[in-house]
Amino acid sequence: MSDLETFRAEIRAWIEANCPEEMRRPVQGEDDICWGGRNFVFKSAAQKQWMEVCAAKGYTVPDWPVAYGGAGMNPAEAKIWREEMTRAGARPPLSSFGIWMLGPALLKFGTEEQKVHYLGQVARGEIRWCQGYSEPGSGSDLVSLQTYGEDKGDHWVVNGQKIWTSYADKADWIFCLVRTDKTNVYQGISFLLFDMTTPGVTTKPIKLISGSSPFCETFFDNVVVPKSQIVGQLNRGWDVAKYLLGHEREMISGAGGGEQTSTIGKVLTRNGLDDPMLRAELAAFDIDALAFAAMGEKFLDEIKVGKAHPAQPNMMKYAGTELNKRRHELLMAAGGSTALEWESEETRGGAPSRSWLRTKANSIEGGTSEVMLNVVAKRILELPGA
Amino acid sequence: MPLYYNEDQAMLADSVTGFMADEGGIKKQLRHWRDINCKDGFGHALWKQFAEMGLTGMLAAEADGGLAMGHVEAGIVLAEIGRNLTPSPFLTTAVMGVTALKDASDELRGRWLPGVIAGETVLAVAIDEGAKHRPEKIACRAERAGNGFRLTGAKDFVVHGTSADAIIVAARTSGSDSDADGVTLFAVPKDAAGIGHNAVRLVDSSIASHVRFDGVELDGSTVIGEVDGGRAVLNKVLSAGRIGAAAEQTGVGGGAFAMTTTYLKTRKQFGKLIGEFQALQHRAAHLYSELEIAEAVVIKAQQLLDGGSERAELMVSVAKAKAARVCNLAVREGVQMHGGVGMTDEYDIGLYMKRERALTEFMGDANYHAERVAQLSGY
């Protein structure tokens with residue numbers, strides 16, 4: 001047996017022995033995800049157990065170095081890990097913006113001390129992070145952001161407002177873009193980290209068309225941030241921000257097995273479907289979903305060895321989110337009037353319609369589809385004036 | 001296995017890319033043979049060069065003098081054939097024909113494979129009966145006669161049919177037209193008495209035949225595999241042809257896209273390069289995204305097919321359907337973005353549109369494969 005085959009056998013056996021039965025059922029919406037953090041209430045003992053047993057082995061972040069809480073897997077091993085998790089139907093033991101977004105940025109730009117401290121907390125599910133990027137006047141034009149950090153010697157005093165801060169009301173810490181030089185647009189932003197319990201930080205959930213409130217307005221009123229809590233260089237936070245956005249877009253795209261990559265035709269027709277036109281649409285969707293799943297696999301393979309174009313996450317985000325919106329349009333169409341129910345037992349409290357509405361944000365959050373196409377046109381296709 | 005080329009495959013891609021651009025280019029091959037109204041629609045000298053490059057025997061077993069490579073490697077060649085619109089019998093001969101012969105007797109392999117590998121023999125495949133690809137139904141009959149068979153019926157869309165030294169024919173040896181069993185594959189030599197061709201030039205300048213078999217006498221040695229058990233072989237030939245056509249389509253789409261983005265960067269209107277207009281930028285970026293996805297699913301299906309995966313059949317249909325849709329978008333956008341000159345014979349973009357149409361129809365169009373995806377998925 002080759003080393004990788006041995007590794008696969010070990011991983012398979014480990015998942016078999018350690019993943020509780022309850023954690024092998026599909027996640028039912030965002031409330032059912034294990035987010036970790038100081039105030040996180042586990043939905044079940046199994047959820048807690050699965051996170052802890054994985055964290056102890058570094059499996060919450062399998063491809064991070066062991067010193068930062070990971071398992072130190074190389075790309076081939078990490079791929080086997082993903083394949084075996086999928087095979088077992090096992091849920092991710094821990095999901096967080098710390099893993100998907102802050103982690104990669106810290107691994108690239110953080111100091112050794114920051115990596116050991118912050119990454120370890122993320123890997124163990126101790127600290128839940130949120131992202132302070134968008135502002136009321138700075139959406140697609142993010143770089144125009146106004147939240148300002150005044151230099152006070154050994155600290156900054158931050159004032160301003162963020163918006164669309166996902167789960168700000170539930171997060172423990174924030175990674176935040178703050179203007180530290182008003183005279184330079186791109187090179188006047190710093191990437192700061194601070195505790196959400198710092199005096200002067202307040203959050204206000206925003207009620208969405210789906211009825212839920214995953215996003216907040218976040219206000220900073222004379223928030224003191226020590227100088228040690230900067231990632232990367234002063235005024236060069238945009239470099240960190242862009243790098244992190246690549247990972248955010250990768251995450252939203254669903255590359256590597258998100259919901260959008262799974263087929264729906266079989267499930268939606270199991271009770272019979274007297275609608276040949278819809279069946280044809282489902283088949284067309286399944287083709288696109290399976291093709292995108294292959295794209296996700298290829299993208300992850302290539303990115304790990306530096307073969308992917310650096311702007312490729314923008315393409316992935318565009319394609320993945322547009323696909324996911326289409327997926328939910330079809331789920332609604334197949335569900336008929338039942339899927340319209342906003343509050344009923346049969347729909348688990350209107351899950352189909354609420355999820356459908358939630359997906360409309362997919363092609364807005366983290367950079368709109370239109371911005372993604374702009375980036376592809378400019379950086380990959382090198383079209384003039386883009 | 002990662003979804004990118006390994007070192008050997010990357011080397012192959014390098015050499016094939018150069019070779020096809022130099023020797024298989026549009027002016028040198030497609031336009032040349034088209035403009036002299038060549039009866040084959042391709043050049044035999046180039047086929048010989050394919051052999052010298054080691055391409056003709058890629059899929060054949062080493063024991064047969066081949067290189068025992070897989071569909072990933074064949075796809076590398078086909079993508080470059082697509083990018084250059086190179087007319088050649090590679091797909092019908094080196095991919096589908098060789099795949100069929102893998103299940104043939106020593107005698108039959110010995111009869112045809114050396115010529116194929118040497119670039120001297122051309123094979124065609126006769127499956128379709130009617131204008132649409134419906135291989136589930138085979139009415140062309142081979143009845144037992146003496147020690148052999150007598151073949152009667154008609155086949156359509158037999159690409160390179162008149163150029164081929166042998167035609168691999170899927171015929172019914174028992175049962176009724178729609179039965180899965182009872183199909184047998186024959187390697188029918190071109191000089192067998194009773195074969196009638198109605199050769200026609202297609203929109204892409206390739207030559208395909210309507211072939212009639214009027215009681216063609218075949219001896220038992222022409223049977224590929226088992227009598228009545230040809231469906232399994234046929235399925236392999238179909239998968240090889242489908243994933244091959246899909247790979248070629250990613251090349252056709254990629255070639256059309258490259259021409260189009262070049263045009264966007266050079267053509268000026270309203271005092272600007274037209275590539276500066278966001279309306280065109282977004283369409284180009286969308287097309288890029290679709291082409292990337294099509295390439296990914298094609299290599300995924302090739303790997304599954306080479307690995308003998310049980311998911312291969314499904315993913316081959318996914319790849320064929322996706323590649324067809326995306327390549328079609330690429331050529332439509334290509335002609336539209338070229339504006340008036342896109343409609344002229346002088347510009348190559350229209351040639352891409354023509355080839356796309358022919359490849360889409362070959363071995364099942366996007367709707368056919370969508371239906372298959374639904375059925376194979378259980379709905």
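Just past helix α8 of chain A, G306(A) adopts a positive phi of about 75 degrees; helices here are DSSP runs of H or I with at least four residues, numbered from the N terminus. The model is predicted, so to speak of local features a pLDDT of at least 70 is needed and side-chain atom pairs count only at pLDDT 80 or more, while totals for chains, interfaces and linings use all residues. Residues are numbered from 1 along each chain as its sequence is written, with chains lettered from A and ligands numbered from 1 in the order in which they are written.

Still in chain A, the domain assignment (automatic or from a database) gives domain 1 (3–95), domain 2 (129–235) and domain 3 (254–380). The C-alpha centres of domains 2 and 3 of chain A sit 30 Å apart. Six residues of domain 2 of chain A touch six of domain 3 of chain A, where contact means C-beta atoms, placed from the backbone, within 7 Å. On the domain 2 side of that contact in chain A there are two nonpolar, four polar and no charged residues. For these classes, Ala, Val, Leu, Ile, Met, Phe, Trp, Tyr, Cys and Pro count as nonpolar, Asp, Glu, Lys and Arg as charged, and the others, Gly among them, as polar.

Chain B also comes in three pieces: domain 1 (7–122), domain 2 (125–228) and domain 3 (232–376). Between the C-alpha centres of domains 1 and 3 of chain B there are 21 Å, and the contact takes 20 residues from domain 1 of chain B and 26 from domain 3 of chain B. On the domain 1 side, α2 (26–35), α4 (71–84) and α5 (90–101) of chain B are the elements giving two or more residues. Of these, α4(B) has the largest share, with ten residues. That side splits into twelve nonpolar, five polar and three charged residues.

Two helix pairs in chain B show how the packing goes. Helices α5(B) and α7(B) pack at about 155 degrees with axes 8 Å apart; axes are lines fitted to C-alpha atoms over the stretch in contact, and angles run from 0 to 180 degrees between N-to-C directions. That makes the pair roughly antiparallel, the label for angles over 145 degrees. Their crossing is right-handed. Among the residues that meet are L91(B), V95(B) and M96(B) of α5(B) and V233(B), A240(B) and G244(B) of α7(B). The α5(B)–α7(B) contact holds eight nonpolar, three polar and two charged residues.

Helices α9(B) (312–338) and α11(B) (366–376) pack at about 150 degrees, again with axes 8 Å apart, and are therefore roughly antiparallel. Here α9(B) passes α11(B) in a left-handed crossing. Residues including L314(B), V318(B) and R325(B) of α9(B) meet residues including H369(B), V373(B) and L376(B) of α11(B). This contact has eight nonpolar, two polar and four charged residues.

Between the chains, 33 residues of chain B contact 32 residues of chain A. On the chain B side, α7 (230–264), α8 (278–306), α9 and α11 each supply at least two residues, and α8(B) gives the largest share, 13 residues. The chain B side divides into 19 nonpolar, eight polar and six charged residues.

How values were computed: Parallel < 35°, antiparallel > 145°, perpendicular 65-115°, else oblique. Left-handed = near helix turned anticlockwise from the far one by under 90°. Contact = placed C-beta atoms within 7 Å.
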